[in-house]
Amino acid sequence: MKDPEEFYKKLKTQLADTAQWPTAYLYKFIVPTDTSKIEQVESIFDNLGAVINKKQSKNGKYTSVSINVRMKNPDHVILKYKEVASKVEDVISL
């Protein structure tokens, strides 16, 4: 990601324009297949009523973690992306 702040600013505008808030939002992360890293991602969404699906890549090196959760507004969506990026090493946000 070249400029994370630019990315988040654009995302916030898109989210504000395309959804009625609060709404369900689908996060997608690619994490190296490492139980502790996957658990770190999951723990960030604890107590939010999130539905979490995991799927390993064909070669097993990576795990896709999809998290469907109701968020209050675009700012909350972005806060979670930033929290994952700051706490989980080598995570890719989609």
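## Exercises on a predicted model

In β3, S64 is the bridge partner of I30. This is a predicted model, where local features need pLDDT of at least 70, side-chain atom pairs count only at pLDDT 80 or more, and totals for chains, interfaces and linings use all residues. Residues are numbered from 1 along each chain as its sequence is written, and side-chain values use heavy atoms, with hydrogens and water left out.

**Exercise 1. State how the strands pair.**

Step 1. Recall the terms. Strands (E, at least two residues) and helices (H or I, at least four) are DSSP runs, numbered from the N terminus. Two strands pair if DSSP finds at least two bridges between them.

Step 2. Take β1 and β3. They run antiparallel, joined by 10 bridges.

Step 3. Take β2 and β3. Six bridges join them, and they also run antiparallel. I52 has I67 in β3 as its bridge partner.

Step 4. Inspect the turn. β2 and β3 form a hairpin with five residues between them. G60 in this turn has a positive phi of about 80°.

**Exercise 2. Find where N59 lies and decide whether it is buried or exposed.**

Step 1. Locate N59. It sits in the loop between β2 (51–56) and β3.

Step 2. Apply the cut-offs. Buried means under 20% relative accessible area, exposed over 50%, and partly exposed in between (1.4 Å probe, protein chains only). N59 has 58% relative accessibility, so it counts as exposed.

Step 3. List polar contacts (pairs of N or O atoms within 3.5 Å; within protein, one must be able to donate a hydrogen and the other to accept it, and residues adjacent in sequence count only if both atoms are side-chain atoms). The side chains of N59 and S57 make one of 2.9 Å. A polar atom of the N59 side chain also lies 2.9 Å from the backbone nitrogen of K61.

**Exercise 3. Report the confidence.**

Step 1. The protein chain has a mean of 95, and 98% of its residues reach 70 or more.

Step 2. Compare elements. Confidence is lowest in α1, at a mean of 92, and highest in β3, at 98.

How values were computed
pLDDT is the predictor's confidence in each residue, from 0 to 100.
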